[in-house]
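The tour below goes from one selection to the next.

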Amino acid sequence: MSGAKLSTKESSVLIIDFGGQYTHLISRRIRELGAFTIIVPYNRLNDIEINSFKSMILSGSHMSIENFSKESLEKAIDAIRSFNGTVLGICFGLQILSYYFGGKVNHDCGEYGETKVKILKNDPLFKGWNNEEKVWMSHEDCVSKPPQNSEVLSVSENGYIAALKLDLNGKVIYGVQFHPEVVHTPKGVILFENFLELSSVERNWRPEIYVNSIIEGLRKEVSDDGKALVAVSGGIDSTVSAIIAKKIFGNRLITAFVDHGLLREGEKEEVIEMLNFLELKPLVIDAEERFLNRLEGISDCEERRRIIGEEFAKIFEEIIEKEGIRYFVQGTTYPDVVESGKTQGSAAVIKSHHNVGGLPDWFKEKVKIIEPLKFLYKDEVRKIGTILGVPETLIKRHPFPGPGLAVRVIGKFSREKLEVAKKSSKIVEDVLKKYGLYEKVWQAFATVGEDKWVGVKGDSRSYGYIVTIRIVESTDGMTANYVRMPYEILDEIVKKITGSIKSVTMVTYAITSKPPSTIEPC
Ligand code: XMP
């Protein structure tokens with residue numbers, strides 16, 4: 001987000017982010033209901049015209065009220081006071097509203113997981129809810145005294161306030177202690193529908209329609225001359241960004257495809273063919289040696305991400321200098337921004353995704369960064385891609401990290417391990433395709449570890465690599481679960497891997513969900 005005021009013309013729901021782990025989930029749920037959302041950190045409210053939104057949701061937080069700077073919280077509360085629309089506070093959002101409007105918040109009154117709540121009042125927010133319902137709780141603090149001019153709408157089975165309604169000089173403010181955004185609150189979506197209705201939010205937002213306003217907006221932002229560069233990896237985000245960029249820049253656009261040697265088997269040829277089909281004739285840069293030489297022997301994955309980001313930046317710099325590039329187009333999506341800790345002042349960096357974390361500062365001085373998808377989620381990008389003519393094979397292709405197979409080699413990086421990860425991943429994909437399962441899962445791949453396992457191949461004992469298969473289902477990569485694969489299919493994968501890759505003596509299956517794990521191994 002640049003320093004300029006955000007244009008909120010089409011936007012309806014403002015989500016104020018206090019660093020909660022579910023903020024994007026709230027946003028996704030509201031968008032699924034057909035309303036646009038913008039997430040703004042609680043300490044960046046000056047950047048937006050708050051009253052151009054019809055309703056506001058306050059997110060949860062992993063911190064207590066006193067862990068925040070008092071001054072920034074008070075500023076956020078002032079903004080909420082000046083807001084004309086309807087407000088819903090979720091979890092920490094309820095606590096901060098209660099605290100600042102005359103109530104009290106206590107520590108050590110936590111509730112976790114599935115909890116029953118009683119609905120005490122017949123309020124439109126709970127239309128369609130029974131007197132008793134299951135909800136998902138995840139809080140350590142609670143509201144111990146409701147604020148003035150409020151009524152308690154619901155209490156939990158443990159006797160804590162689960163929902164309340166506050167009248168602030170005739171303005172309606174709701175707060176719920178539970179998380180309506182998670183699937184474990186079965187009637188959560190109904191509550192959101194009720195809230196949107198109460199806020200008179202129009203529910204006609206669609207990503208396909210939004211793309212036209214992205215193009216129009218960007219056309220106004222760029223000048224009539226100057227070349228643009230877009231680097232396409234073959235993934236959906238960069239491909240859709242390139243198609244949009246072509247509509248904006250026309251023949252002034254250079255589409256670059258960098259082969260860093262960390263791609264899936266056969267991917268380079270497929271990507272070039274697809275880009276030609278989309279009339280985005282790519283400038284192909286063969287940089288395999290450059291990348292692999294620098295990665296050899298590096299154990300730390302974050303360091304590898306940094307090296308890859310740096311090497312990409314150098315290549316882009318060379319093109320920028322040679323071609324006199326003025327605009328640089330990136331396929332950053334909304335979760336990329338949050339997972340790199342960019343929207344949350346207090347959130348920890350989980351993995352520094354190179355497309356947002358790795359570009360050096362000088363980059364922004366040389367070129368203007370254009371990110372057409374920065375307010376969109378992956379499934380929305382896919383919808384837009386279909387409309388823009390991206391071939392189905394790409395739309396349905398599994399997401400692939402920018403640093404490619406470099407993040408699927410655990411421990412010391414070597415060309416040998418890279419080959420093991422590449423060949424075994426291909427086997428996993430091929431077997432899934434054979435059984436019609438590839439398109440049903442979010443990601444399926446193999447990783448190779450640092451430890452060795454004794455194997456008996458032929459008559460001799462040998463130490464070989466341990467390959468781990470990861471097959472997960474997910475809707476957006478923010479959370480994920482392992483797929484309960486039939487044993488016969490796992491057997492087939494194992495036999496093919498150990499049979500065709502001599503150096504592998506053990507194959508395992510990763511069965512930890514995200515969270516607490518992540519999808520990629522490092
Ligand atoms: P994790 O491993 O964080 O992955 O659960 C979530 C999603 O992001 C992809 N991923 C990356 N994408 N650069 C990327 O562009 C990266 O460094 C990176 N690391 C993970 C991952 O494949 C999954 O879809």
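Select aspartate 300 and glutamate 302, at the start of helix 9: a side-chain oxygen of aspartate 300 comes within 3.1 Å of the backbone nitrogen of glutamate 302. Helices here are DSSP runs of H or I of at least four residues, and strands are E runs of at least two, numbered from the N terminus. This is a predicted model, in which local features need pLDDT of at least 70 and side-chain atom pairs count only at pLDDT 80 or more, while totals for chains, interfaces and linings use all residues. Residues are numbered from 1 along each chain as its sequence is written, and side-chain values use heavy atoms, with hydrogens and water left out.

Now select residues 301–323, the whole of helix 9. Its 23 residues should span 33 Å at 1.5 Å a residue, and the end C-alpha atoms are 33 Å apart, which agrees. The expected span is 1.5 Å times one less than the number of residues. After helix 9 comes glycine 324, with a positive phi near 65°.

Next, select Ile57 and Phe126, which touch the most other members of the largest nonpolar core, a set of 99 residues. Helix 6 (residues 236–249) supplies the largest share of this core, eight residues. Such a core joins buried (under 20% relative accessible area, 1.4 Å probe, protein chains only) Ala, Val, Leu, Ile, Met, Phe, Trp, Tyr and Cys residues through side-chain atoms within 4.5 Å.

Finish at aspartate 47, in the loop between strand 2 (37–41) and strand 3 (55–58). Aspartate 47 is buried, with a relative accessible area of 18%.

How values were computed:
Polar contact = N/O pair within 3.5 Å; in protein donor to acceptor, adjacent residues only side chain to side chain. Buried < 20%, exposed > 50% of the residue type's maximum accessible area, 1.4 Å probe, protein only.
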